[in-house]
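Have the sequence and the coordinates at hand as you read.

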Amino acid sequence: SERPDAEPVRNIDEGHQALVDPKRKVAPETVPVTGRRADVVVRTQAESPDDRRSLRRAIESLRNGLPPAGSAIEQFAIGNDQTTPLFDRMLQSVSLEGGNACVIRGAYGQGKTFSLQLLQQRALQAGYLVASTEIDAYENQIHKPHHIYRDLLAKLRIPDSQQHGVMGLLDRVVDYLRQSFPGWYQSGSESQAEKVRLHLATETQCGPLAWLLSDPSIREKELLPRLLACEPGIRIGEARQSHLLRVEPRFWPAFRYGTQGDFATYILSGLGRLARLLDYKGLLIVLDEMEKWQLLDWQAQCRAGNLFGGLIWGATAEKGQRQCHDNWNQPSYRSWMRCDHDKKLNHSGQCGGYPFSTPDRSFVGVAVAMTPRGESGPEDDWSHYGVLEVIDLPPFHGGIVQQYFAKVAGRYQSAYSLPESVPDGLALKALRKWQNIGDESARSATRAVIETLDEWRSGQQPVM
């Protein structure tokens with residue numbers, strides 16, 4: 001049956017059923033600042049030299065046109081009062097309902113990358129694994145699934161861990177399995193590895209991932225982490241043979257150009273369920289610069305759709321509507337059986353093909369940022385893959401710039417130990433500087449505020 005124009009989506013905040021259009025646009029309200037002083041500055045107390053250094057690093061990032069790293073992103077976020085609740089709701093939907101997908105739209109310099117950084121930081125703080133990539137025309141081409149998969153795994157971040165990427169994940173997996181199956185790590189026997197494989201296959205619903213993680217020496221065997229990471233130049237057959245459980249090629253095939261969208265999304269869905277097994281809330285996948293989709297020809301868009309569309313479908317399809325080409329979890333599957341996903345998703349021919357996601361919800365969230373080009377964008381096409389919410393970033397105005405000045409100035413003062421209060425009227429100077437730049441963007445607002453404060457600091461004598 002065809003997908004209806006409106007599907008019931010549980011409203012997390014209010015606990016009742018609401019009809020949400022799959023193509024709906026969630027536009028935060030923009031409320032101009034009127035009738036009050038916007039340049040009232042509250043000085044932030046930097047308690048130690050380390051605190052001041054951290055603030056200075058964040059300000060230096062802003063000075064260079066980059067979002068601050070880590071938790072500092074929230075201290076220096078600009079115009080995020082309306083978007084933050086939407087991000088929190090999306091994350092709640094991943095944890096409570098099993099998945100979600102959204103597109104964040106805004107003009108050039110409007111703060112899309114900043115917003116994505118804020119979303120990622122909030123996800124890490126809430127207990128999600130986070131994997132991100134930025135689409136480009138060379139190393140991370142959206143129509144080459146192995147490029148995107150490889151970069152997502154390389155940039156995988158884990159809450160409360162300094163170890164990132166595949167090795168950081170494997171540390172957590174091995175710790176969990178050593179506690180759950182003591183004989184697995186100590187004996188290194190095939191029978192124990194098979195017991196672990198069956199356990200992981202049940203929990204993750206991803207056969208290839210369960211097999212790969214079942215080797216107790218996975219961290220020490222050089223080729224196995226590289227297999228999970230899809231590193232270039234790896235000898236796939238040799239890597240499979242190094243595993244304690246020898247298997248046929250279908251357990252982990254080679255990525256082929258333009259064919260492996262289904263395998264990549266299958267593994268990423270399995271990682272979302274693995275995250276739950278490791279007591280995390282799920283996996284957030286972030287794709288920036290997705291407007292490059294519109295530069296692809298029809299054939300390349302079809303290849304890209306097998307990855308991107310598979311991610312959307314896997315993140316949003318409800319339980320009971322997730323039937324997919326699946327020789328792993330449904331032994332009775334026959335090639336004539338209908339898949340529940342859109343016909344635009346095509347299974348690869350590699351090893352008979354793979355499902356695009358797990359039979360049950362995968363606890364994966366997908367967040368995409370893009371700059372609209374022209375009146376029509378790809379969002380309508382993408383909505384064929386699943387329910388996709390569109391968040392339009394609010395346009396900038398003078399009130400937000402003055403609010404941002406008040407937010408940053410106190411932290412700036414503490415970072416450089418400036419003895420004097422921020423002068424009245426400095427916020428207005430920053431506003432005029434922003435207006436003179438003329439592009440009305442978040443990027444130029446950040447530049448105007450930092451330049452104004454730098455000019456003021458140049459006449460101060462800091463107290464160290």
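Helices α15 and α17 cross in the right-handed sense. This is a predicted model, and in it α15 (residues 398-415) packs against α17 (residues 442-457) at an angle of about 45°, with 10 Å between the axes.

If you want to display the contact, select Val 401, Tyr 404, Phe 405, Val 408, Ala 409, Tyr 412 and Gln 413 on the α15 side. On the α17 side, the residues in contact include Ala 445, Val 449, Ile 450, Leu 453 and Trp 456.

## Nonpolar cores

The largest nonpolar core holds 84 residues. Which of its members touch the most others? They are Tyr 149, Leu 169, Trp 252, Leu 271, Met 290, Phe 308 and Trp 382. Helix α12 (residues 261-277) is the biggest contributor to this core, with 9 residues. There is also a second, separate core of 34 residues, and among its members are Phe 76, Phe 114, Tyr 404 and Tyr 416. Tyr 404 is also one of the α15 residues that make the contact with α17.

Tyr 149 is worth a look of its own. Setting aside neighbours within four places in sequence, Tyr 149 contacts Leu 228, Ala 229, Cys 230, Trp 252, Phe 255, Ala 264, Ile 267 and Leu 268. In soluble globular proteins, nonpolar side chains tend to be buried together.

## A covered strand

Now turn to strand β6, residues 282-288, where 7 of the 7 residues are buried. In a regular strand, side chains alternate between the two faces of the sheet. Here Gly 282, Leu 284, Val 286 and Asp 288 point one way, while Leu 283, Ile 285 and Leu 287 point the other, and all are buried.

Strand β6 has parallel partners. With β5 (residues 128-134) the pairing runs over 7 bridges, and Leu 287 of β6 is the bridge partner of Thr 133. With β7 (residues 364-370) there are 5 bridges, and Val 364 of β7 is the partner of Leu 283.

## Leu 200

Beyond residues up to four places away in sequence, Leu 200 touches Leu 177, Gln 205, Ala 210, Leu 213, Ser 214 and Leu 277. Leu 277 lies 77 residues from Leu 200 along the chain, yet their C-alpha atoms are 9.0 Å apart.

Notes. Residues are numbered from 1 along each chain as its sequence is written. This is a predicted model: local features need pLDDT of at least 70, side-chain atom pairs count only at pLDDT 80 or more; totals for chains, interfaces and linings use all residues. Side-chain values use heavy atoms; hydrogens and water are left out. Buried means under 20% relative accessible area, exposed over 50%, partly exposed in between (1.4 Å probe, protein chains only). Helices (H or I, at least four residues) and strands (E, at least two) are DSSP runs, numbered from the N terminus. Two strands pair if DSSP finds at least two bridges between them. Contact means heavy atoms within 4.5 Å. A nonpolar core is a set of buried Ala, Val, Leu, Ile, Met, Phe, Trp, Tyr and Cys residues joined through side-chain atoms within 4.5 Å. Axes are lines fitted to C-alpha atoms, for helices over the stretch in contact, and angles run from 0 to 180 degrees between N-to-C directions. A crossing is left-handed if the near helix is turned anticlockwise from the far one by less than a right angle, and right-handed if clockwise.
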